[in-house]
Amino acid sequence: MPAKSKSSHLFYDNTWTELLDAGKDFGDLELTVRFIERVGFPEKDERILDIGCGIGNLCQVLYEWGLRKITGIDISEVAIAEARRRVPGVDLRCMSAMDLDFPDDSFDECFAFDVLEHLPDVRRHLEEVRRILVPGGRYLIQTPNILTNVPFETVRRKIVGPGTNWKTFHPSLQSCWGLKRILPLAGFSHVKFVRIPPLSSYKISQMSFPFNFLFANGPWERLPIFLTTNFYVVAMS
Ligand SMILES: C[S@@+](CC[C@H](N)C(=O)[O-])C[C@H]1O[C@@H](n2cnc3c(N)ncnc32)[C@H](O)[C@@H]1O
């Protein structure tokens, strides 16, 4: 394993160990499910890859929806061990999203929820996804907006003290213009942004007053896409 991926593997192992010891999770399943419902469920016989699957929350939901050809990968062995314990019916592997160890055209759909922003080289990752998707396959992405995430995390750190260090956790935050440019460069077409307001019980529970109040009452439906908190994107291979 190259030095860089080994160090990120240890970084995410430590992060997952701390989260699991504290009884916490990472990611927003409620909004992920809302997005998939909005853009249409996968067909039952489709081959699905959940990239950066963490402890397998989405894999479990997909399994409960009746899908059986589900693979989940994550760089963290700790997360994958926990995912295997929780969702025994799913093929779960420890693998980097930068080097997808699958033959060309292996999947009908790929998902990456809250993952792109963690990767050292997004262009390389997208080219890998494009390669393993069948022609006409669908890539669903959710990733935070650099324009809103950086100020939010900076203010939050000043007020509530050290928590997420966005530069360490999110080295590859994107703007909507960046995504619109890089997805076609990696070979994707029909890039579509879907508006999903960020109002989930998970997000609101992560904040203390007055942030939770302001968040719950924000003008989410009226914001232009380039100012939304997170991008929900459908890209076709
Ligand atoms: C914020 S969590 C999201 C987990 C899950 N997708 C969800 O929505 O609950 C980001 C995940 O990406 C994984 N990750 C980070 N870098 C990765 C990489 N290079 N390859 C694969 N997974 C990676 C982390 O271990 C972590 O599980």
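Predicted model: local features only at pLDDT ≥ 70, side-chain atom pairs only at ≥ 80, totals over all residues.
The crossing of helices α5 and α8 is right-handed. Helix α5 covers residues 122–132, and helix α8 covers residues 176–185. Their axes lie 9 Å apart, and the helices pack at an angle of about 45 degrees.

By class, five residues of the α5 and α8 contact are nonpolar and one is charged, with no polar residue.

Helix α2 spans residues 29–39, and helix α3 spans residues 57–64. Their axes come within 10 Å and cross at roughly 45 degrees. That angle makes α2 oblique to α3. The crossing of α2 and α3 is right-handed. On the α2 side, L29, T32 and V33 take part; they meet N57, L58 and V61 of α3. The contact of α2 with α3 counts four nonpolar residues, two polar ones and no charged ones.

Next comes the sheet. Strands of a sheet pair through backbone hydrogen bonds, either parallel or antiparallel. Here seven strands form an open sheet with mixed pairing. Their order is β3-β2-β1-β4-β5-β7-β6. The edge strands are β3 (91–94) and β6 (189–194), and each of them pairs on one side only. On average, neighbouring strands of this sheet are turned by 15 degrees against each other, direction ignored.

β6 pairs with strand β7 (residues 230–236) in the antiparallel sense, over four bridges. K192 has V234 of β7 as its bridge partner.

Helices also pack on the sheet. α3 touches β1 (48–51), β2 (70–74) and β4 (107–113). The direction of α3 makes about 175 degrees with that of β2. Helix α4 (residues 77–86) lies across β2 and β3. α4 runs at about 165 degrees to β3.

Last, the ligand. How many residues are around the ligand? There are 21, and Y12, G27, G52, G54 and A97 come nearest. By class, the shell around the ligand divides into 10 nonpolar, nine polar and two charged residues.

How values were computed. Residues numbered from 1 in each chain as written. Near = placed C-beta within 6 Å. Nonpolar A, V, L, I, M, F, W, Y, C, P; charged D, E, K, R; others polar. Axes fitted to C-alpha atoms, helices over the stretch in contact; angles between N-to-C directions. Helix = DSSP H or I, 4+ residues; strand = E, 2+ residues; numbered from the N terminus. Parallel < 35°, antiparallel > 145°, perpendicular 65-115°, else oblique. Left-handed = near helix turned anticlockwise from the far one by under 90°. Contact = placed C-beta atoms within 7 Å. Pairing = 2+ DSSP bridges.
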